[in-house]
Amino acid sequence: MAWSVLLLLPTTALFVLLSRFSLFHPILWMSECLSLLTSASAIFSFILLCGVVLMVGFFNLEYYTVVPSIACSKIALLGQVLHPRQFVHSLVHCIMGVVVAWCCAFTIGGRYRSLGHPCTQDESSGPEMCLNEYHLVLLLAGAFIGYSHSLVGVVYNMNYVSFHTMQQYKYLRFKGALPLVVKASAVQALYCLRSFLLLYFFMGYAPRAWICKTLDLSINSSIHSLDSVSSLLDLSLLYHLWISGTFLLLTWYITVLLFRIFVTEVHITPLTPYNASIRPTAFLALQDLALLSQHSPSRRLEVFSLSQPGGHPHIWTALSKECLSLLSDLTERLVAHHDTVATNGRAKSQSTGSNKRSTTSSEGSGSYNALSLSLKNAAFRKCSDFVPYFITPQGALSPGFSSIQSPHVMRRGPKLWSASTGEGQPRGHTWLILPMDYFLTHCCLSLQLPEASSQALFADSQVHIWALQGLSHLVAASFSEDQYGIVQTTLPTILSTLLLLQEAVDRHFKLPHTSSKPGHCSCSMGDDSYKTLRFALRSTLKTAVYRITATFGGHLQ
Amino acid sequence: MHHWTKYVRVVEILRIVCLLQASVVYETFLTDAHLRFEANLATFYRIRKDSPALNLYFPRESLKPHSRQESSSKSAFRDHCETLYTRSAGAWRDAGLSGLLNEIANSSAEVPKWLGVSSSCVLALLRWVSSFHSSLFPHLTLSSEEMTAEFSQVLDWSDCAVRGFAWHPHTQKCAVALSDDSIKIYNPKSATTPTLKHRLQRSVAALQWKPLCASALAVACHNCLLVWHVDPTSLSTRPSSGCAQVLSHPGHSPVTSVAWSPNGPLLVSASPRDTALLVWDVAVESCVPLHRVGGGGVTYLSWSPDGSRVLAATPSSLFRVWETRMWTCERWPSLKGRCQSGCWSPDGSRLLFTVQGETVIYALTFTDNPGVPLMMSGGPKAATVVADLSETTLNTPDGDIMVGGEIQSLAWDPRGERLAVHVKGDAGAGRPAMIAVFKTQISPAFKLLPCGFVQGEAGTEPRLMQFNPNYQHGAQLTVCWSNGKITHVPFCFMSAGNPQPGLGGSPSFPLTQGRPADYNNQTLYTELIS
């Protein structure tokens, strides 16, 4: 977050330069910009902007998730948008948009400077304060862009943090993503501006009248009001609106980007049998497992070692048990989903399917509340420079105990209102009128988003992918590195689990409504890798099976 | 692979088989000086029986190359009655900004004068800038086809009937890219030979099978990458284009090299026009561009067999070695020319590479453990010359022949015991293109011994070569010849610890020349163990 505040400085300077851009007076332009940047009022608005960025960072931290909540139907999506939590998010972003727009207006100066300006309506009444509509338009545009940022964030799951297959240093990742972010914010600002202008053209009189009434300003009748085609197509106004919108989105997107980069950074988790057991509740620990199994022979040796008194392979047992339970969990989920679809008729299956799916997704997100909590803790510790990453309190549990406990955690998870609307809403209306229920259900069905069910099933598949990678690499490495043969004892279980999962995944991909190819992204900043997780899972699974069989080869017979 | 690195006294048979129309015409056995020929004949025939010969022949006349110049057909079909707007939109879509400006400048009668003049000015400015740019990087002036031919590993790519060849890493299956832009897949165990054709599959520069997968084949095409998923159990001979994933990225054309990571889902691709190396996650069709300053493009990629490093050659005298854990790179500048080809030892510790315009092979040794970033580890400081293949004259029973010259490509067999070097030769100077084979030893010290030459029928030259990754009895080099034939040259060596005592005389070997007696036991290069 400190970085995003620091980066605000060059961005603001760039904004000042661009907003006051004049081609024909370069020297005047430069000197004006310099004097503006060093003035006290500029520093004040800069502090204001810092506050906004910190707020955005705080909201990122509060709202991000590693398991996306996927709305199965349009009604569920509407539910997400109207959720009180989301409402707070939108409201605050709206206000922050206004604040940033005010700063922009102040920086641009000229006719945008203040809300009121003295004017003389007619000679008799003398000077009075009139509304400066340019300023108002800029503020409203800020509010609109802030709100649409929040809205688009929900629709495209912008709070979802994905993990990359490729590890890169933070600086390099940032450098690589920066041009994309600039482009995304410019394009997004353009789209927002278009919608805003349409909205203002039709509805512009309402906020104008309201502001005039509350602040006791009068409308200058000598100047045309801005909600006409000719005055809205003023090039300089458009340019200033666009550049302000881009500036706003850019600062926020950079904050989001930095946040994502810092959260998904690899942590090295110490290997002990005890904290190995709580791996499913720590995304980062699982990622670490996948990496260590691939790159670090010395840490693999630790996995294959026996405990000193007793000679039990505690670490390996705990690891393999957790990974296998994760995978068989997924298999069960897939088989259950397939059964509901296969046994019932098509139309009916969808309704039950949607109910089931939404419950599973709600359960899923519930169980990972703890997880995202631990992730957040990790992020907090990072901010406050607690370097070693320790495991959440459950770390003290014994391996067996935690695996028993995890289903309880699953069931106990709070149901999110947004995710369970598919189920909750129709039921809530049963006591009203039956046709109403019928209508709602059918509404739900007709509004079903394609592929959403499949996406929801695989929403948390990143853990499965890491579990698969970690297991298969460890097993492959055990061929030459495992001195005590501890992996061999679990090999049949691992293989059968993998093959069962393979079968389930294959069956899932043969269902109608599941496309067999990844689609292409629509939103440039929202991370849509959750949509393609199932394809990644499928190919990882295949590779894992091949890796084990290719390593052991004839020995498996 | 560590048990292969132990050096053993090797018994060798070099067999060169040339086949006409898939039937054996003649074959020659070449035995090493240490070898008792008769004793191994039995082994030899057994080998022949259980490795089904995939000898293929593609006469050039049977393949119709597509004479598709991007601009030639356009004028024939263009409807000239289109409005300016439609034409501009088309030009923008086809050729981007410069195309649009060109269109506007050309149709000055229809546009306002200021627009025509200003677009001509901008166009002139663009041309000036791009000429400046291409004076820095001369390869940018080449057309796409020329660029592919220039940077391909295939000798004389544009004239080749067989433009690409890839063995499957796990089974006896191979894919052959032909000059009519189709790819055929041969599997000796199945009767069907699927033919892959796709609208976007033009001027195939390279192809590679995905490791740890039965069916995925990556193809570097004119302006995209195709990843075919060919189900091995399917009976279809023409898999639909729906079986192919199309991976494209703006500015990434033509693609001249692809490489799969040996243990993961990643694929890297390179284009001489794009300064970025693209790392694809194929399953989700997303890519991460890795930009670095300098070089002006990426021409050739080679992933080390242990997966820890990637060699990336550029069109200028600079190449990079990427480390795949955190994707940092090490620059290797100040060569005489661009890096033409390179290959890794099976354990990923050694990189051999050649430089355009030079006749020597360089070696780099990486001793660090792969996890550490390159900059911090004690990587190599300088490359060492391990072999010099400059022109020499050899005395053979058939008379003197000239061998040596510039090196086109390198291939190292998966066990690390044979190195094949494709020498360009010079037909005018009487030096035919040929393949020189070296014996190699990796541990305890790197050694390189001359072994022999592989030559084809009279009048043919090798164009492309690759080692078969799963040959049981030693190493098998697959060579594509200029007349469209594909033959396999096995090098049978046994891991016999004791040397064969009785030294029989070598039988005559009409097609294999150049085995000077004094070179026989002389090591060409031995690394000094410090």
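Predicted model: local features only at pLDDT ≥ 70, side-chain atom pairs only at ≥ 80, totals over all residues.
Let us begin with what a record says about chain A. An unreviewed UniProt entry annotates residues 40–66, 87–108, 134–156, 177–203 and 237–259 of chain A as "transmembrane region". What does the model show in these spans? Take two of them. Residues 237–259 of chain A are 100% helix and 0% strand, with 33 Å between the end C-alpha atoms.

Now look at the inside of the model. Here you will find the largest nonpolar core, which has 57 residues. The residues with the most contacts inside this core are Val303(A), Trp316(A), Leu334(A), Val475(A), Ile494(A), Leu498(A) and Ile548(A). Several helices of chain A each supply at least two residues of the core, including helix 12 (283–295), helix 14 (314–343) and helix 20 (461–481). Which helix gives the most to this core? That is helix 21 of chain A, with 10 residues.

Pick out Ile494(A) to see how such contacts look up close. Leaving aside residues up to four places away in sequence, Ile494(A) touches Trp316(A), Leu324(A), Leu471(A), Val475(A) and Ile548(A). There is also a second, separate core, made of 53 residues, and among them are Phe46(A), Val52(A), Val53(A) and Trp252(A).

Next, turn to the surface. Leu198(A), Leu199(A), Phe201(A), Phe202(A), Met203(A), Val229(A) and Leu233(A) form a nonpolar patch there, with about 700 Å² of accessible area together. Helix 7 of chain A, residues 170–203, gives the most to the patch, with 5 residues. Leu233(A), another member of the patch, sits in the loop between helix 9 (229–232) and helix 10 (235–263) of chain A. Is Leu233(A) buried or exposed? Leu233(A) counts as exposed because its relative accessibility is 55%, and exposed means over 50%.

Finally, visit chain B for a contrast. Ala214(B) is also in a loop, this one between strand 8 (206–209) and strand 9 (216–220) of chain B. Ala214(B) has 19% relative accessibility, so it counts as buried; the cut-off for buried is under 20%. What does Ala214(B) touch? Not counting residues up to four places away in sequence, Ala214(B) is in contact with His168(B), Lys173(B), Trp209(B) and Pro232(B), and also with Tyr546(A) of chain A.

How values were computed:
Residues numbered from 1 in each chain as written. Chains lettered and ligands numbered in written order. Heavy atoms only, no water. UniProt positions renumbered as here; feature names shortened; annotations may be inferred. Helix = DSSP H or I, 4+ residues; strand = E, 2+ residues; numbered from the N terminus. Core = buried A, V, L, I, M, F, W, Y, C linked by side-chain atoms within 4.5 Å. Buried < 20%, exposed > 50% of the residue type's maximum accessible area, 1.4 Å probe, protein only. Contact = heavy atoms within 4.5 Å. Patch = residues over 30% accessible without salt bridge, like charges linked within 9 Å, V, L, I, M, F, W, Y side chains within 5 Å. Areas by Shrake-Rupley, 256 points an atom, 1.4 Å probe, with all protein chains shown as cover. Salt bridge = Lys/Arg side-chain N within 4 Å of Asp/Glu carboxyl O.
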